[in-house]
Amino acid sequence: MTLATLIEKFFSVSLLLIGISHLAQPRLWRDYFLKIKGTGVAGIIIAMYTLPQGLLVVLGHNVWVVDVPVIITICGWGMTIKGMLYAFVRGRAEAVIPDGPNAHRKYAWGGALMIPLSLLLIWHSFFRAM
């Protein structure tokens, strides 16, 4: 198994699990992000997770093809750029964290969008790519 294939499998399954969690428990995700928003260091906390994973994808799966794998590459670049912005631009993360009484719905919608995308990526990385 190549590094790129391993990254595809890891990323697709991670996306599925996080998507299910967002859909199943949107209020917990809202509460988590509101708590870190209140710390004043949300950008650093979020960057600790998104930047390394994004860099892993960029360095190990920089695949630019007109096919399903490019989705993972684009996500990796997005995560890397997001992580850098959050780490270096004070208040950027806090500005985009949704709040208000219906903020949980945004997390549920995010999960609802992640699940079919992850299933496409799982299909490709586990079954089609063989």
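A contact here means heavy atoms within 4.5 Å. The model is predicted, so local features need pLDDT of at least 70 and side-chain atom pairs count only at pLDDT 80 or more, while totals for chains, interfaces and linings use all residues. Residues are numbered from 1 along each chain as its sequence is written, and side-chain values use heavy atoms, with hydrogens and water left out.

**Gly 43**

Leaving aside residues up to four places away in sequence, Gly 43 touches Tyr 86, Ala 87, Ala 93 and Glu 94. Gly 43 sits in helix H3, residues 42-60. Helices are DSSP runs of H or I, at least four residues, numbered from the N terminus. Val 13 lies 30 residues from Gly 43 along the chain, and their C-alpha atoms are 25 Å apart.

**Aromatic pairs**

Rings of Phe, Tyr and Trp (its six-membered ring) pair if their centres lie within 6.5 Å; planes under 30 degrees apart are stacked, over 60 edge-to-face, the rest tilted. The whole structure holds four aromatic pairs. One of them, Trp 29 with Phe 33, is stacked, at 6.1 Å centre to centre and 20 degrees between the planes. Trp 29 and Phe 33 are four residues apart in helix H2 (residues 26-37), so about one helical turn separates them. Tyr 32 and Phe 33 form an edge-to-face pair, because their planes stand at 75 degrees, with centres 5.0 Å apart. Ring pairs join Trp 29, Tyr 32, Phe 33 and Tyr 107 into a cluster.

**Accessibility**

Buried means under 20% relative accessible area, exposed over 50%, partly exposed in between (1.4 Å probe, protein chains only).

| Residue | Relative accessibility | Class |
|---|---|---|
| Gly 43 | 5% | buried |
| Phe 33 | 16% | buried |
| Trp 29 | 22% | partly exposed |
| Tyr 32 | 35% | partly exposed |

How values were computed: Helix = DSSP H or I, 4+ residues; strand = E, 2+ residues; numbered from the N terminus.
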